[in-house]
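Hello,

Here is the structure I promised to pass on. My notes on it follow below.

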Amino acid sequence: MGIAKLAHYSIRTMDLEVSRRFYTDVMNFRVGFRPPFDFPGLWLYLDDDESEYGVVHLIGIDPDDPGRLVRYLGERVVDGMTGTGSVDHLAFLATDWPKMRERCNAHKVAYQERTVPSLGLHQVFIVDPSGLTVELNYPACEASR
């Protein structure tokens, strides 16, 4: 059996609450079940279906006890935890750009848009609190709404 699809991406964050607000208030994800790991974190879901274990895992770094996370996931240099590193961006297929635009504007999240005419695709790029670029792909007809 081969690889079926991307399951989730994880973000280590020094400010779990700021990241939670971005992913719930702007991206409209939902906090759901997360196993009782020995370090802070949240699993975020697209909807009520939790069978695929969430789409984004936020991993909180406890400054008072970073060893718990290190024991589970390994050491990472804190200075290198912003931006996308060698990963340029992550992308989602999406619908209802007007509603997302309202949320971005309400939460003062900057975005860049462009339409790829040959694909019928309207791309929107936003940046999360950790500096990770997220691309949202909408049908091109939503660009003018």
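Which residues form one aromatic cluster? They are Tyr 9, Phe 22, Tyr 23, Phe 29 and Phe 92.

Before the rest, some ground rules. This is a predicted model, in which local features need pLDDT of at least 70 and side-chain atom pairs count only at pLDDT 80 or more, while totals for chains, interfaces and linings use all residues. Residues are numbered from 1 along each chain as its sequence is written, and side-chain values use heavy atoms, with hydrogens and water left out.

There are eight aromatic pairs (rings of Phe, Tyr and Trp, the latter by its six-membered ring, with centres within 6.5 Å; planes under 30 degrees apart are stacked, over 60 edge-to-face, the rest tilted). Tyr 9 and Phe 92 have ring centres 6.1 Å apart and planes at 45°, so this pair is tilted. Because Tyr 9 lies in strand S1 (residues 9–13) and Phe 92 in strand S5 (residues 90–93), the pair ties together parts 83 residues apart in sequence. Strands here are DSSP E runs of at least two residues, and helices are H or I runs of at least four, numbered from the N terminus. Both Tyr 9 and Phe 92 are buried (under 20% relative accessible area; exposed is over 50%, partly exposed in between, with a 1.4 Å probe and protein chains only).

Phe 37 and Phe 39 make a stacked pair, 5.4 Å centre to centre with 10° between the planes. Phe 37 is partly exposed at 26% relative accessible area, whereas Phe 39 is buried at 7%.

Happy to talk it through!
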